[in-house]
Amino acid sequence: MSLSSLSAQPEDPLLHIIEQYSADSRPDKIDLGVGVFRDPHGHTPVMAAVSEAEMRHWKTQQTKAYVGPAGDRHFVTLLGEEALGDASLLARGCGVQTPGGTGALRLAAEVLAAAGVKRLWAAAPTWTNHLPVFAAAGIESRLVRVFDPAEGVYEADRFLNALSDAEPGDVVLLHGCGHNPTGLDPNAAQWESLADRLAERRLVPLVDMAYQGLADGFAEDAAGALAVLRRAPYALLAYSCDKNFGLYRERTGALWAFAPDAPGARILESNMLAKARVNWSMPPDHGAAVVRLILEDSALKRCWHEELDGMRQRLTGLRAALARGGRIGSVDCSVLGRGRGLFATLPLSPDHIRRLCEDYAIYMAGSGRINIAGFTDEGAVATFLSALREVLA
Ligand code: LMR
């Protein structure tokens, strides 16, 4: 065995779109690929509250000395309070800062693997990186086809029935809100049924919360996750600040582990810290410091919430414009109106997706997922719908 035994690995297809799109010189190109928020000019802005906090941080930071494997504890506390707003749940939980939401998921996977967990259940389709992250920690995944993007429905009963075969202690991955890639979230009754089934089968929920504030509203977006986390004796919450604080490249996230009581949570925390130490040792500081500064200052926090509300309203408007496209061949765009957040998945073939790219400079994921924020305005939506009409004719 040596390094020469390795074979070349394929590039991540989603991230590859970033390069393909920037190499395309057609002026009217449309990027519906990677999931980042964009403004009407096609830019992913630094949020005003973030810029202000960065300025303050730059002026006041006295040292770059290590913070420690848990990261910025005040960031974790404030983010937990803001995101969940449930003191009794947080009292039986411990959180650590992670390098982005993916770092949180990977840390969760490592801790679960150390606890002997073998299986993760997930509703399909799910984010393309979910299963590889768990596979890398030796956890196998069971996928249950639950979403029907063509019909715009989340078929909760299928998932609930499949979970009857799960073993106590298996982990169930749930998207907190703004499901990636379909935009279809369980409704309140479906979240309750999930919470019941998980508790009844003694399954461990792992909620991936990467889009809080971009689906129905900041507090509203936590309701489903809270229904599940409050009922489960043991649970995990992986949180990303990439999208709702626009901090993508700063890799800012957190992982919470909940146990039946505070001493139990401290044991989980010690395991998270030990795993963090051997993976990244300590998380990067800048993004967490910025979020902390925003959440510490009520005026800055209000400014951030207002901007986030505006981002969500932009997505809602674009989604409604897409839904007005109605039926186009085999694609019923009106069902897109049922989704929320950044994403929707269209039932398109690889050939349709190739033609949209080659003939119309429209880039999207190979699964038919589109990033709704990729449309600059309703004019771009109209351009897309007319290209779709041509391709599906
Ligand atoms: C996406 O789904 O497009 C984003 O979460 C970016 C990523 O890392 O895949």
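**A walk through the model**

Me: Where is Arg202 placed?

Reply: Arg202 sits in the loop between α8 (188-201) and β8 (204-209), where helices (H or I, at least four residues) and strands (E, at least two) are DSSP runs numbered from the N terminus. The model is predicted, with local features needing pLDDT of at least 70 and side-chain atom pairs counting only at pLDDT 80 or more, while totals for chains, interfaces and linings use all residues. Residues are numbered from 1 along each chain as its sequence is written, and side-chain values use heavy atoms, with hydrogens and water left out.

Me: And is phi of Arg202 positive or negative?

Reply: Phi of Arg202 is positive, near 55 degrees, and this residue is not a glycine. Most residues other than glycine have a negative phi, and most peptide bonds are trans.

Me: Which peptide bond is cis, then?

Reply: The bond from Ala124 to Pro125 is cis, with omega near -5 degrees, and Pro125 belongs to the loop between β3 (119-124) and α6 (130-136).

Me: Changing topic, what domains is the protein divided into?

Reply: There is domain 1 (11-45 + 312-392) and domain 2 (66-296), with bounds that come from an automatic or database domain assignment. Their C-alpha centres lie 27 Å apart, and 19 residues of domain 1 are in contact with 23 residues of domain 2, contact meaning heavy atoms within 4.5 Å.

Me: What area is buried between domain 1 and domain 2?

Reply: About 1800 Å² is buried, and carbon and sulfur atoms give 54% of that area; buried area is the accessible area (1.4 Å probe) that two parts lose on being put together, summed over both. Arg312, Arg340 and Phe343 supply 37% of what domain 1 buries against domain 2, more than any other three residues.

Me: How many salt bridges are there between domain 1 and domain 2?

Reply: The count is one, a salt bridge being a side-chain nitrogen of Lys or Arg within 4 Å of a carboxyl oxygen of Asp or Glu. Arg340 forms a salt bridge with Asp216, with the closest N and O atoms 2.9 Å apart.

Me: How many salt bridges does the structure hold?

Reply: It holds 23, one of them between the side chains of Glu269 and Arg73 (2.8 Å, N to O). Glu269 lies in helix α10 (residues 262-279) and Arg73 in helix α3 (residues 73-84), so this pair ties together parts that are 196 residues apart in sequence.

Me: Last one: which residues are around the ligand?

Reply: They are Leu14, Val34, Gly35, Trp127, Asn180, Tyr211, Lys243 and Arg369, counted when a heavy atom of the residue lies within 4 Å of the molecule. Ligand oxygen atoms lie 2.7 Å from a backbone N or O atom of Gly35, 2.9 Å from a polar side-chain atom of Trp127, and 2.7 Å from an N or O atom in the side chain of Arg369.

Key:
A polar contact is a pair of N or O atoms within 3.5 Å; within protein, one must be able to donate a hydrogen and the other to accept it, and residues adjacent in sequence count only if both atoms are side-chain atoms.
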